[in-house]
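Subject: Structure for you to look at

Dear colleague,

I am handing over the structure below, and after it you will find an account of what was found. Please keep the model open while you read.

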Amino acid sequence: MPKPNDLEQKALQLIVNSGHEGILQSELWHKLGASSREGSRIAIKLENKGLIRREKELQNGRWTYRLFPKRLPASMDSIADCPCLMCPDNSRCDPSNVISPQTCEKLTDWLFTIAKNYPKALGDS
Ligand code: SF4
């Protein structure tokens with residue numbers, strides 16, 4: 001039988017893997033092979049630790065919870081269009097030089113676009 005911390009770790013991994021769609025509590029317990037009582041305890045523990053959030057959801061006429069990760073790992077997609085990756089000045093760019101990320105308009109524009117399109121990515125969680 002897995003230790004409670006192992007189950008907690010596996011549960012968190014499954015919730016993180018569910019991404020923005022989240023996962024129903026019952027689906028999670030099924031995947032973990034845990035009882036609903038044990039599963040509920042783990043979900044509350046993860047929520048109290050600030051690792052997940054639970055949202056009430058009506059499923060087949062019964063109230064349950066959908067579990068969402070509070071933080072998702074960064075993906076390569078999130079920086080794929082960063083101007084620095086293809087910048088011809090990349091090798092000379094340094095905060096102590098004339099060419100610097102602190103004064104770069106291309107980088108500033110890119111960061112403003114991210115802030116506008118993904119406000120939650122910048123800490124509004
Ligand atoms: S900060 Fe600007 S100048 Fe520096 S590497 Fe990125 S895009 Fe190029």
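The largest nonpolar core is made up of 11 residues in all, namely Ala11, Ile15, Ile23, Leu28, Trp29, Ile42, Ala43, Leu46, Ile52, Tyr65 and Leu67. A nonpolar core here is a set of buried Ala, Val, Leu, Ile, Met, Phe, Trp, Tyr and Cys residues joined through C-beta atoms within 7 Å, and a residue is called buried if 20 or more other C-beta atoms lie within 10 Å of its own, exposed if 12 or fewer, and partly exposed in between, with the C-beta atoms placed from the backbone. At least two residues of this core are supplied by each of H1, helix H2 (25-32), helix H3 (36-48) and strand E3 (62-69), and H3 gives the largest share, three residues. Helices (H or I, at least four residues) and strands (E, at least two) are DSSP runs, numbered from the N terminus.

Please bear in mind that this is a predicted model, in which local features need pLDDT of at least 70 and side-chain atom pairs count only at pLDDT 80 or more, while totals for chains, interfaces and linings use all residues. Residues are numbered from 1 along each chain as its sequence is written. The protein averages a pLDDT (the predictor's confidence in each residue, from 0 to 100) of 87, and 90% of the residues score at least 70.

The protein is divided into domain 1 (4-69) and domain 2 (76-120), with bounds that come from an automatic or database domain assignment, and the C-alpha centres of the two domains lie 37 Å apart.

Two residues deserve a look of their own. Glutamate 55, which is found in strand E2 (residues 52-59), is exposed because it has 10 other C-beta atoms within 10 Å. Asparagine 60 lies in the loop between E2 and E3 and has a positive phi of about 50 degrees, although it is not a glycine; asparagine 60 also counts as exposed, because it has 5 C-beta neighbours inside 10 Å.

Helix H4 (residues 105-117) has 13 residues and reaches 18 Å from its first C-alpha to its last, close to the 18 Å expected at 1.5 Å a residue, where the expected span is 1.5 Å times one less than the number of residues. H4 is hardly covered, since the count of buried residues in it is zero.

With best wishes
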